[in-house]
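Subject: Structure handover

Hello,

Below is the structure we talked about handing over. My notes on it follow.

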Amino acid sequence: MKRSLEQFNKAFENRIRLQIMSVLVANENYDFNSLKELLEVTDGNLASHLKALEKEEYILVYKTFIGRKPNTQYTVSEKGRSAFIKHLEALENLIKQQKKQ
Amino acid sequence: MEEKDIHSELASIRSLMERSSRFLSLSGLSGVMAGIYALIGAFIGYNIVNEKYGSLTISDSYSDNSLVYHQLLLIASAILLLSVLTCLLLSIRQAKKKGENYWNPVSKRLISSMAIPLFTGGLFIIILLLKAEYNLVASACLIFYGLSLISASQYTFSDVKWLGFCQITLGLLAALIPESGLWFWVFGFGLLHIIYGALMHFKYNR
């Protein structure tokens, strides 16, 4: 029980961060505005969580322009993908352990 | 963390992964409508050819009679246009009903993955028409449409893939038996669309 809790990733404690990772793992890339719409969060909120994930090197940021509008694309890094999978495994293990008890 | 919480967390992750990577507002009803348009179009086309030649054989004589040729071309384009419009309108309506934005990264990917085989097929068919190779037109319609469905199925309900395989099979058969090309076309674009659309409607949209 204790070991499995240690596997939980602090970066994913926040629900929105976990949701961002879910979207990026399932897609080649996703842009800021579409993420905002999908997750129904505010600009500032999303930006701060993206920043945190970027700091952990879980996501990569590509800034481009479409005409004059900035268009920021995010993709998941290898490090981020394996951290996400580990986190899911930890969640599943927790369920299994609780069933045994 | 409670077990219930973990379950809901995992469920929300799964739903988000699916919603973000697949366009699930594709309307089954638009499949049924496309099938009906195709049947009506084929019926009108059949009558035009039947009146002129007394029998339905795909032959070079179409090109002799440019009126018939143009009428058939007009009917085919009208069916295509109506089907695409219906599909767009009904899917947009469906997305709005769910409170989703229909113009998102997934719907863009869906459209571009469909467009490449469709445009290639369209150009190929125009080339066939210009070279007066009418035998293979029905077959080419079915094969390229099937390919575009299979490539689109990555970004929407995966069931679409099976409709694609059926269309390709019919297209190959139509190439093998070009005399019956129109019947394969009617079966693929008409009946299969109606069956498939009805199945999808009852499975997902209700």
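Is Glu57(A) buried or exposed? Glu57(A) counts as exposed, because it has 12 C-beta neighbours inside 10 Å. (A residue is buried if 20 or more other C-beta atoms lie within 10 Å of its own, exposed if 12 or fewer, and partly exposed in between, with C-beta atoms placed from the backbone.)

Before the rest, some conventions. The model is predicted: local features need pLDDT of at least 70 and side-chain atom pairs count only at pLDDT 80 or more, while totals for chains, interfaces and linings use all residues. Residues are numbered from 1 along each chain as its sequence is written, and chains are lettered from A and ligands numbered from 1 in the order in which they are written.

Chain A overall

Chain A holds five helices and three strands, arranged from the N terminus as α-α-β-α-α-β-β-α. Helices (H or I, at least four residues) and strands (E, at least two) are DSSP runs, numbered from the N terminus. Along the principal axes, the C-alpha atoms of chain A fill a box of roughly 60 × 25 × 20 Å. Of the 101 residues in chain A, 24% are buried. Among contacts in chain A with a separation of 6 or more, 56% join residues 24 or more positions apart; two residues are in contact if their C-beta atoms, placed from the backbone, lie within 7 Å.

The sheet

The three strands of chain A form an open sheet in the order β1-β3-β2, with antiparallel pairing. Its edge strands are β1 (30-31) and β2 (59-66), each pairing on one side only. Two strands pair if DSSP finds at least two bridges between them; β1(A) and β3 (residues 69-76) of chain A have two, in the antiparallel sense. Asp31(A) has Gln73(A) in β3(A) as its bridge partner. Helix α2 (residues 15-26) of chain A packs on the sheet and touches β1, β2 and β3 of chain A, its direction making about 85 degrees with that of β3(A). (Axes are lines fitted to C-alpha atoms, for helices over the stretch in contact, and angles run from 0 to 180 degrees between N-to-C directions.)

Helix α4(A) and what follows

The 13 residues of α4(A) should span 18 Å at 1.5 Å a residue, and the end C-alpha atoms are 18 Å apart, which agrees. The expected span is 1.5 Å times one less than the number of residues. His49(A), Leu50(A) and Leu53(A) are the buried residues of α4(A). Seen down the helix axis, they fall within an arc of 100 degrees, so they line one face of α4(A); the arc is that of the directions from the helix axis to the C-beta atoms. Their cover includes α2, β2 and β3 of chain A. On the other side of α4(A), Asp43(A), Gly44(A), Lys51(A) and Lys55(A) are exposed.

Glu57(A) sits in the loop between α4 (43-55) and β2 of chain A. Its phi is near 65 degrees, a positive value in a residue other than glycine.

Chain B

Ala132(B) also has a positive phi, about 60 degrees, although it is not a glycine. Ala132(B) lies in the loop between α5 (105-130) and α6 (137-152) of chain B, and is exposed, with 11 other C-beta atoms within 10 Å.

The contact between the chains takes 13 residues from chain B and 16 residues from chain A. On the chain B side, helix α1 (residues 3-21) gives the largest share, nine residues.

Regards
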